[in-house]
Amino acid sequence: MRTIEIIIRKELNSAFNSWSTYIGFLLFFCICGFISWLSSSNIFYLGQASMMPFFIVINWTTFFMVHTLTMKSIADEKRNGTLELLLTKPIKTNQLIGGKFFSQLILIAIALGMTLPYYFTVATLGHIDIATVILGYFGLICISACYISIGIFASSLARSAATAFFISLGISLCFQLLFGFLAQQCGKGFISGLLTYLSIEEHFDSLSRGILDTRDIVYFISVITLFLSLSKFFICKIRH
């Protein structure tokens, strides 16, 4: 655990010593604010006090932000030759991946925390169910964790950050859009049910509406575990 904390601290120090992190946070906040308050589909157009429009906007903005953050996680270490150096030290692969994963999740949590003023503003317009808001933010954390694990996996495959970005974006779009679209085309039946379950939007939608289902939690944990395990497999191939 101590090793993971050291890696998290190193990653966060590196992130906050870079102007790109602050620019990313600023863009994230401005894009979410513009679409939510100033676009044609703003909160006032909806006509009721609800965080649903915010969650949809934040979901998609976070979607692209995650891939931008994770594309360098392992690929840059390989390109700079520092991954081989790290692997010669008494650092377990699990610890390296865990440190990378949690540091990225902390950055996303900070970005999501920046959107809390939206909630307080909407709350002045009418009554909002606080439980729904909490589960909505919990869903955003879960969906971000899934995409972080996919991003780390893609970065462990690629030799460059740009390649990792497109690999992770392609895989994530399958979970975000493709599986749900194919499920609709298949109609009813086992295949349709399977594709619906694989769609990450289906599980996020439940949480954003204030519905807590253990199947959603199992789904998120399964996706995270799968892609972090695949990341470990490919990093171990380098190690040996």
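Predicted model: local features only at pLDDT ≥ 70, side-chain atom pairs only at ≥ 80, totals over all residues.
1. **The overall fold.** Let's start with the whole chain. Of the 240 residues, 48% are buried. Among contacts between residues at least 6 apart in sequence, 76% join residues at least 24 apart. The accessible surface comes to about 12,300 Å², and carbon and sulfur atoms account for 69% of that area.

2. **Helix α10.** Along the way, look for Cys 174, where α10 bends by about 45 degrees.

3. **The buried residues of α10.** Which residues of α10 are buried? The list includes alanines such as Ala 161, Ala 164 and Ala 183, along with Leu 169 and Ile 171. Ser 168, Ser 172 and Gln 176 are buried too, and so are the aromatic residues Phe 165, Phe 175 and Phe 179.

4. **An aromatic cluster.** Two of those phenylalanines turn up again here. Phe 175 and Phe 179 belong to one aromatic cluster together with Phe 153, Phe 227, Phe 233 and Phe 234. If you colour these rings in your viewer, you can follow the cluster for yourself.

5. **Aromatic pairs.** How many aromatic pairs does a search of the whole structure find? It finds 19. One of them joins Phe 16 and Tyr 22, whose ring centres are 6.1 Å apart with 55 degrees between the planes, a tilted arrangement. Phe 16 counts as partly exposed because its relative accessibility is 28%, and Tyr 22 is likewise partly exposed, at 39%.

6. **A buried edge-to-face pair.** Now turn to Phe 63 and Tyr 147. Their ring centres are 5.1 Å apart and their planes stand at 90 degrees, so this pair is edge-to-face. Phe 63 sits in helix α4 (residues 52-70) and Tyr 147 in helix α9 (residues 130-157), so the pair ties together parts that are 84 residues apart in sequence. Phe 63 is buried, at 0% relative accessibility, and Tyr 147 is buried as well, at 1%.

7. **Salt bridges around Glu 11.** Side chains of opposite charge can pair when their charged atoms come close. In this model the count is four salt bridges. Glu 11 bridges to Lys 10, with the closest N and O atoms 3.4 Å apart, and also to Lys 100, where that distance is 2.9 Å. The bridge to Lys 100 links distant parts of the chain, since Glu 11 is in helix α1 (residues 2-16) and Lys 100 is in helix α7 (residues 93-113), 89 residues apart. Lys 10 is partly exposed at 44% relative accessibility, whereas Glu 11 is buried at 14% and Lys 100 is buried at 2%.

8. Elsewhere, the side chains of Arg 209 and Asp 205 meet in a salt bridge, at 3.0 Å from N to O. Arg 209 is exposed, at 52% relative accessibility, and Asp 205 is partly exposed, at 30%. As for Lys 10, Glu 11 and Lys 100, salt bridges that share partners join these residues into one network.

Conventions:
Residues numbered from 1 in each chain as written. Heavy atoms only, no water. Phe/Tyr/Trp six-rings, centres within 6.5 Å; stacked < 30°, edge-to-face > 60°. Buried < 20%, exposed > 50% of the residue type's maximum accessible area, 1.4 Å probe, protein only. Helix = DSSP H or I, 4+ residues; strand = E, 2+ residues; numbered from the N terminus. Bend = angle between axes of the 7 residues up to and from the residue. Contact = heavy atoms within 4.5 Å. Areas by Shrake-Rupley, 256 points an atom, 1.4 Å probe, with all protein chains shown as cover.
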